[in-house]
Amino acid sequence: MPIKPWLAERMPVAELEAAIEHKTVPQHRHSVWYYLGGMTLFFFGVQVVTGILLLLYYRPSAAEAYDSVQFIMTRVPFGWLIRSLHSWSANLLVAAAFIHLFSVLFLKAYRKPREITWISGVLLLFLMLAFGFTGYLLPWNELAFFATRVGTDIAGAVPFIGEATVRFLRGGPEVTGATLTRFYGVHVAVLPAIATVLLGLHLLLVQYHGMSVPPSVEADARRTGRRVPMMPFVPHFALRDLFGWTVALAMLAGLSAFLPWELGVRADPFAPAPAGIQPEWYFLWTFQALKLMPAYVLGINGELIAIAVMTAGALALMVLPFLDRNTPRSQRLVTWASVAALVFMVAMTLVALLGGH
Ligand code: HEM
C-alpha cells in the first residue's frame with residue numbers, strides 16, 4: 001500500500017508539504033547571519049547524541065566520576081572521541097549561540113511580532129550556560145572542582161537569600177559529592193527537558209513568522225521600489241545549511257582528533273586551591289568584572305553591585321523588544337548599547353586571558 005495516502009488520512013501531510021514549500025529566506029547583504037541559528041541547532045544535536053553515549057559509561061559519584069571518565073578516555077572504543085566531541089561542541093555551541101544573539105540584535109530581528117522568539121532565545125542561551133556550568137564539574141577534576149567552588153560562592157554575596165542559594169546549588173555548605181549528583185541530575189534531566197520545550201517553541205515561531213528582513217534592507221527596498229529577493233528554503237537554503245554543518249563537523253572532528261579534551265588531575269577537596277583557577281572562557285568576563293570591583297563602593301559591597309548590574313543587564317536583554325520603541329533614535333540606542341556590551345565582554349575576557357588581576 002502506498003505510504004503517502006495512508007499517512008495523509010492520519011496526519012496533516014498536505015499542510016506540512018505546503019509549509020515546507022512556502023518557506024523562503026530573504027536574500028540581502030546580511031543573509032549570512034541566517035545560518036547561525038541552524039549552526040547552533042547542529043551543535044545542540046551533537047550534544048544530545050554524544051551526551052547519550054557518555055551516559056552509558058559515566059558514573060555520577062565523587063568516588064567513581066573521575067575513574068569513569070578516565071575509563072571512557074582510555075578503554076572504551078572511541079570513548080576519547082565521543083568525550084572530546086561533546087566538550088568541543090559545547091564550546092562551539094555557546095560561541096554560535098552568542099554570535100546568533102548578537103546578529104539577531106544588530107539586525108533588529110527581535111521586533112514585533114518576534115518578541116517571544118527573542119525571549120525564548122535569551123532563555124535558551126541562559127540554559128546553554130547552565131549546561132556548561134553543570135557539565136564542567138562532572139569529570140570531578142581539580143580545575144572543575146575549584147572553579148565550581150568559586151562560581152557557586154558568588155551567589156553568597158546576595159543579601160538574605162545568598163547563603164540559602166549557595167546551599168541549594170551545592171547540596172550543602174561545601175562542594176561535595178552531593179553537588180556532583182545534583183549537577184548531574186540538572187545536566188542530564190532538568191536542563192534537557194526545559195531545552196526541548198523552549199527549542200520547540202523557538203523553532204515553531206521561526207517557522208510561523210518566517211525570516212525577518214532587517215530595517216535597513218526594508219528601507220532600501222522602499223526607496224528603490226524593488227522587492228527583496230527570496231530564496232526557497234527547500235532545497236536551496238537547506239543545502240547551504242547542510243554545507244555549513246559539514247564544515248562544522250569537520251572542524252569538530254579535527255579539534256577532537258588533534259586536541260583531545262584533557263581530563264586533568266583528580267579533585268582533592270582537602271588540597272589547597274591551585275593557582276590560576278578559571279572558569280570556562282564564556283564566564284571569564286563575569287569573573288574578571290567581579291574581580292576588578294573594589295571591595296566597597298559608597299559603603300556597599302562591590303561584588304553585590306556587580307551582581308545587581310549584571311542581573312539588571314540580563315533582565316534588560318530579556319525584555320529588549322519592549323524597550324526598543326522602534327524609532328530610529330531608539331534603534332540607534334540599542335545598537336550602541338549592544339556595541340558597548342560586546343566591547344566590555346571582549347575586553348574583560350582578554351584581560352582575564354592575559355592574566356590581568
Ligand atoms: C540553543 C540555542 C538556539 C538555537 C538552536 C536557535 C535556533 C534558531 C534557528 C534555527 C533560527 C532560524 C535561522 C536563523 O535566523 O538563524 C533562529 C532564529 C531566531 N533566533 Fe534562535 N536559536 C538559539 C538561541 C537564540 C538566542 C540566544 C537568541 C537571542 C536572544 C535567539 C533569537 C532568535 C530570533 C529573534 C530569531 C528570528 C530571526 C529572524 O527572523 O530573522 N535565538 N534560531
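Modeller: Gladly, and please keep in mind throughout that this is a predicted model. Let us begin at the iron atom.

Biologist: Which residues are the protein donors of the iron atom of the ligand?

Modeller: They are His100 and His202, each giving its NE2 atom, and these donors lie 2.1 Å from the iron atom.

Biologist: What is the arrangement of the six donor atoms around the iron atom of the ligand?

Modeller: The general idea is to compare angles with an ideal, which for six octahedral donors is 90 or 180 degrees. In this model the six donor atoms around the iron subtend angles of 85 to 179°, and the arrangement is therefore octahedral. The two histidines come from separate helices, His100 from α5 (residues 79-106) and His202 from α9 (residues 177-209), so the pair ties together parts that are 102 residues apart in sequence.

Biologist: Is His100 buried or partly exposed, and is His202 buried or exposed?

Modeller: Here the reading rests on a cut-off, since buried means under 20% relative accessible area and exposed means over 50%, with partly exposed in between. His100, at 22% relative accessibility, therefore counts as partly exposed, whereas His202, at 12%, counts as buried.

Biologist: What else does the side chain of His202 contact in the protein?

Modeller: The side chain of His202 makes a polar contact of 2.9 Å with the side chain of Ser120. An N or O atom in the side chain of His202 is also 2.9 Å from a nitrogen atom of the ligand.

Biologist: Which residues come nearest to the ligand?

Modeller: There are 24 residues around the ligand, and those that come nearest are Gly37, His100, His202, Met211 and Ser212. For Gly37 the atom to look at belongs to the backbone, where an N or O atom lies 2.9 Å from an oxygen atom of the ligand. For Ser212, by contrast, look at the side chain, which has a polar atom 2.8 Å from an oxygen atom of the ligand. The elements that give two or more residues to this shell are α3 (35-55), α5, α6 (115-137) and α9.

Biologist: Which element gives the most to the shell around the ligand, and how does the shell divide by class?

Modeller: Helix α6 gives the most, with six residues, and by class the shell has 14 nonpolar, nine polar and one charged residues.

Biologist: Where is His187 found, and which side chain does it join in a polar contact?

Modeller: His187 is found in helix α9 and, at 14% relative accessibility, counts as buried. A polar contact of 3.0 Å joins its side chain to that of Thr134.

Biologist: Where do Phe78 and Phe160 lie, and what does phi show for each of them?

Modeller: Phe78 lies in the loop between α4 and α5 and has a positive phi of about 60° although it is not a glycine; at 57% relative accessibility, Phe78 counts as exposed. Phe160, in the loop between α7 (142-153) and α8 (162-170), likewise has a positive phi, of about 65°, without being a glycine, and is exposed with a relative accessible area of 86%. Just after α5, Lys108 also takes a positive phi, of about 60°.

Conventions: Residues numbered from 1 in each chain as written. Predicted model: local features only at pLDDT ≥ 70, side-chain atom pairs only at ≥ 80, totals over all residues. Heavy atoms only, no water. Donors = N, O, S within 2.8 Å, 3.2 Å for Na, K, Ca; no water. Tetrahedral: all angles 85-135°; square planar, octahedral: opposite > 155°, others 65-115°. Helix = DSSP H or I, 4+ residues; strand = E, 2+ residues; numbered from the N terminus. Buried < 20%, exposed > 50% of the residue type's maximum accessible area, 1.4 Å probe, protein only. Near = heavy atom within 4 Å. Polar contact = N/O pair within 3.5 Å; in protein donor to acceptor, adjacent residues only side chain to side chain. Nonpolar A, V, L, I, M, F, W, Y, C, P; charged D, E, K, R; others polar.
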